[in-house]
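This report covers the sheet, the helices packed on it and the nonpolar cores. The sequence and structure come first.

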Amino acid sequence: MPTAIAVTSPDLALPATDRQTPAAVVLQAPHLQPLDEALTETGAVLEHHGHIVALYSSACPPAHIRRLHTLRAVLESDRIAIVPLSLPPLGVAVLARQLRQLSLCDFSPGVLASAARLLSHYLHAGALLGSVGGLDHIEVDLRSHVKSWLPGVHFAVLAHPAPRLLQLDRHGGGAGLPAPGFTTQLALARGQFTGDWVSDTLAPAWQVQGVYETRLPAESAEWWGTRKLVEFAAAIPDLSVLHQLVSSVLRERCGWCGLELLGDRCAFCAAPLRRPRAAGGGGPAQGPTAIAAPAPRPAPRAVTEAPSALPHPPRPPSAVPDAPEAPAAHRAPAVPDVAAVRGPQYPPGGPVAPGNPYGSGPPVPGNPYASDGPRAPGRRDLPGQASFAGHPDLSGRPGAPGSPRTVARVR
């Protein structure tokens, strides 16, 4: 059976676009379902599907998030991946439907769970708001807050992938928001707002394939800070393109649970990707023994003075008997090649382009993860996306794994 894709609310389970796409599993809130019933249902889903990938937005109540972790802990199952997303609620619903489509493909559970971060970069989510007074997920200046009190002023907000705030006049004006560079389909959900700017202005400007309307998620009012809104999300609708995007990224294997993954962290056990240490630095692949052991000292430099100035000139090579090889402790440490310390290559369809540790196979137009550009040494991020950065190799800095530290100082 395919991997189950779970959401935290029924309004996040969008209807399928075809008969083959499986339905989403809804993990109810604690006030709607007792814990024993939730354990029974979740255990049955695990037995039937094998693995569960649970998605939730940043507007999900803390009690509901604790329920997800409680289910995973009580069932003592490492087959449940809990994936937080910074997308607005409608964007989470669209992304969950994309993963439901991909669950029918030949992807392992680890790849499918980590593909949520990958596909989120190809999703454009925003809203048409009547006020930005309660919006705190993106930066809003004082002038926009003041104009929220004026009648007839609306705001078009793009929350993902790059925040953008645009003030609209009474007549709506132009689109103004940057359009996706690929073919998308637009989903919209209306709150307590009657404006047609999304369907009449934004959709033609973005040249979307189609527009469909769904009900507004319950978490949207909390995420956007108002109920007077029209939320929208544009995403890739073609399953073949989604499959090619995920297939073009290099797959690694988690050193803790053994599942395949994309990126730098496993979605099931949250373990970071283990890589061999680069030259002169520590890293997550070093164990306690390697950290505690002192680094070998380089061999002393050869004396450059004339032989006549030495008290005991060295004998010529012909007069020196077969001496034993110098101990390894006095040799200069070999500097490993940076290209040799990258993770293993698993090309799905052909040889990996040189200098690209993540991309493999034929490049996909508009896919920054399959680019064959050079990769900066000492970083584990996927090229082309800044959100995968943020986990640089901090070796050599105080407090970083692999760096020496003083335990006690005696005077």
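## Helix α4

The expected span of a helix is 1.5 Å times one less than its number of residues. The model described here is predicted. Helix α4 covers residues 109–120, so its 12 residues should span 16 Å; the end C-alpha atoms are 17 Å apart, which agrees.

Is α4 mostly covered or mostly exposed? Of its 12 residues, 11 are buried. Among them are Pro 109, Gly 110, Val 111, Leu 112, Leu 118 and Leu 119.

## The parallel sheet

An open sheet is built from 4 strands in the order β2-β1-β3-β4, with parallel pairing.

Helix α3 (residues 89–102) lies across β1, β3 and β4 and runs at about 165° to β3.

## Nonpolar cores

The largest nonpolar core contains 48 residues, and Leu 55 and Val 246 have the most contacts inside it. Elements that each supply at least two of its residues include β1, β3, β4, α3, α4 and α8 (239–247). The largest share, 8 residues, comes from α3.

Val 246 touches Val 111, Ala 115, Leu 118 and Leu 119, among others, with residues up to four places away in sequence not counted. Apart from this core lies another of 17 residues, including Ala 156, Leu 158, Val 198 and Ala 234.

Terms used
Residues numbered from 1 in each chain as written. Predicted model: local features only at pLDDT ≥ 70, side-chain atom pairs only at ≥ 80, totals over all residues. Heavy atoms only, no water. Buried < 20%, exposed > 50% of the residue type's maximum accessible area, 1.4 Å probe, protein only. Pairing = 2+ DSSP bridges. Contact = heavy atoms within 4.5 Å. Axes fitted to C-alpha atoms, helices over the stretch in contact; angles between N-to-C directions. Core = buried A, V, L, I, M, F, W, Y, C linked by side-chain atoms within 4.5 Å.
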